[in-house]
Amino acid sequence: MFRKIIITALSIFLLTFNVNAGSDGELVLKKNEPAEIKDCFENLNRATFAFNQALDGVIFKPVASAYRVLPSPVRSGVSNSLDNLSNLVTIPNNILQGDFKKAGINSGRFVINTTIGILGFIDVAQHIGLPNYEKEDYGQSLAKFGIGPGCYIVLPVLGPSTVRDAAGSLVSVMGGDAWYNVTVKNDTQYFSDIDYYSSRVTSGVDFRAKNYDSLNNLEKNSLDFYASVKSLYLQDRQQKILNTNKIIDTQNDSDWEEIDN
Amino acid sequence: MKKSKLIYIFFIYFISLTNSYSIEPSQFVQSTVDRASKLLSNSVSKDDKIKKLKIIAKETVDIKGIGFYTLGSTRKTLDKNQKQEYLILFEKYFLKSFSSRLSEWTNPEINVISQNTINKKYTIVNSVLKGTNERPEVKIDWRIYTKDPDNPLIRDVIIEGLSLARTQKEEFSSIINSNDGNIEALFKVLEEFSKN
C-alpha cells in the first residue's frame, strides 16, 4: 500500500511539471522535437549512461552475442512472444488514444497468436493479413494528451527516457499492464514474479541482439556516444508518438534551406 | 518554312542538350547503392574497400553541405579561416566514419521503391534494405539535393525514420556546448578521430 502511494505521488509530481494544454499534431510534434528537450541532469545522466555501458559490457553484450547464435526461427519466435505480451499494454493505450479500430485489431491479434500461434511464438495474425503491429505505451498516450516530455533522463539498467515516459512506465506497474498484474501484483496460481522479470530481461537481450552490430558500429564511430544515443532515442520517440514513418525533419527544412553550395 | 524548321531543330537540340545529363534522384540512389553493394560483395581487402568507398562518397555525397548543416547555428559565428579549417577536418572525419561504417556490411541489397519531390532543391528517395537471417528488413530514405539536377547529391540518410545528419548535428552541438561554445574543442575531437 505504502509503495502504491509513493508511486502515485511520484507520478503526479513528475506530470505536474509537464502538463501543457493543447494536443493537435503540430503542437505534439513541436513539444517532442529532440532539439527542444532539455538535458537538465546531464552530469548525472552521463554517469548513469557510463554505468549502463559497463553493465552492458559485462552482462547484456555477452548474453546477446550468445543469443545471436540461436537458430533464426527460435529468435524470431521469442521476439514474437514478447511482442504478443506487449499487446497487453498496447491495447489499453490504443483505447486511451481513441484508436478503437487498432484496439480491436490488436485484441484479435492477441487472441489468435496466443492460441493458434502457441503463446505468441508464431505470428499467425500477420500470416492471415492483419496490419503490421505497432507498440503503444503510456508515455505515448500522455504525449497524445498534450503532456510535454520534460527533461531527458537516463535510467539505471533501463536506459534513455524522458520524465514523461518514465512516469508512463510507472502507470504500467500501477495496474496498467495486465501481464504485470497477473505475475507480480496479484498472487495467481499460474504465474509468479519470475515470469514477469524474466520476460523483461529477455526483452532487453532481444533488443540488444537485434541492434548488436549497429550499436557497436555507432559506438566505434561516434565522437560523443552519449549524445548520439540521446538523439536517436528522442527521434525514435517522436516518430512513435506521431505514429508516422514520415521523415519528420522535412517538416522543418529551414536549417537545410540555408545551406546552398 | 526552312527557317521555322531550322528554329525547330535548334530548339530540340537545345532542349536535349540541357536535359542530356539530368538524372532522376531514384536512379541516382539505385546506381550509387548498386556501386557500393558490388564493391562490398567483392573479395578485396578491407583497406581496399575503404579506399574505394571514399571515392564513391566524394562523388555522390554533399560533404560540404552536410558539414555546414551539422554545425547548426555555430556556423554563423565562424570566420572564413575557421570555416576552411572546419571543412577540411570534417571531410576527413566524414570519409573515415562513412567508409568504416559501410565496410563491415556484406552483400547489402537495397532496392529503391519510390521518390517524393519536396521542392526544387530536395527529393526524398525511399528504399528498402532486404532482410536476412541476421537482420530484419530496414527502411532507408535518402535526402537528395537536386539544386543542380545534372549532379544530384546525397545530403542525409534516414534509417527507419532516424536521420544520420540530425544525429551528427546533435552530437557536434553536445561537444561544442560542453566546451562552453568553443569550436576549437570540436576541431580537436575531429582531428583526433581522423588520426586514430
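Trainee: Which hand does the link of A:Cys40 and A:Cys151 have?
Mentor: The link of A:Cys40 and A:Cys151 is left-handed, with an angle of -75° about the S-S bond. Before we go on, keep in mind that this is a predicted model, in which local features need pLDDT of at least 70 and side-chain atom pairs count only at pLDDT 80 or more, while totals for chains, interfaces and linings use all residues. Residues are numbered from 1 along each chain, chains are lettered from A and ligands numbered from 1 as written, and side-chain values use heavy atoms without hydrogens or water.

Trainee: OK, and how many disulfides does a search of the whole structure find?
Mentor: Over all chains, the search finds one disulfide, a term for a pair of cysteine sulfur atoms within 2.5 Å. The partners are A:Cys40 and A:Cys151, and the distance from S to S is 1.8 Å.

Trainee: Where in the chain do those two cysteines sit?
Mentor: They belong to distant parts of the chain, 111 residues apart. A:Cys40 is in the loop between α2 (25-31) and α3 (42-67) of chain A, whereas A:Cys151 is in the loop between α7 (138-144) and β1 (152-155) of chain A. These element names come from DSSP runs, numbered from the N terminus, with helices (H or I) of at least four residues and strands (E) of at least two.

Trainee: Is A:Cys151 buried or exposed?
Mentor: A:Cys151 counts as buried because its relative accessible area is 16%, and buried means under 20%, exposed over 50%, and partly exposed in between (1.4 Å probe, protein chains only). A:Cys40, at 42% relative accessibility, counts as partly exposed.

Trainee: Switching to chain B, what is it built from?
Mentor: Chain B has seven helices and five strands, and if you follow the elements from the N terminus on, the order is α-α-α-α-α-β-β-β-β-β-α-α. Of the 196 residues in chain B, 45% are buried.

Trainee: Why is helix α4 of chain B described as largely enclosed by the rest of the structure?
Mentor: Helix α4 of chain B covers residues 63-71, and eight of its nine residues are buried, so the rest of the structure largely encloses this helix. Among the buried ones are B:Ile63, B:Phe68, B:Tyr69 and B:Leu71, and you will also find glycines there, including B:Gly65 and B:Gly67.

Trainee: And what comes just after that helix?
Mentor: Just after α4(B) you reach B:Gly72, which takes a positive phi of about 60°.

Trainee: Which residues have a positive phi although they are not glycines?
Mentor: B:Glu160 is one of them, with a positive phi of about 50°, and B:Asp180 is another, at about 55°. As background, most residues other than glycine have a negative phi.

Trainee: Where would I look for B:Glu160 and B:Asp180?
Mentor: Look in the loops of chain B: B:Glu160 lies between β4 (153-159) and β5 (162-163), and B:Asp180 lies between α6 (164-177) and α7. B:Glu160 is partly exposed, at 41% relative accessibility, while B:Asp180 is exposed, with a relative accessible area of 76%.

Trainee: Last one: what about B:Ser26, buried or exposed?
Mentor: B:Ser26, which lies in helix α2 (residues 25-41) of chain B, is buried because its relative accessible area is 19%.
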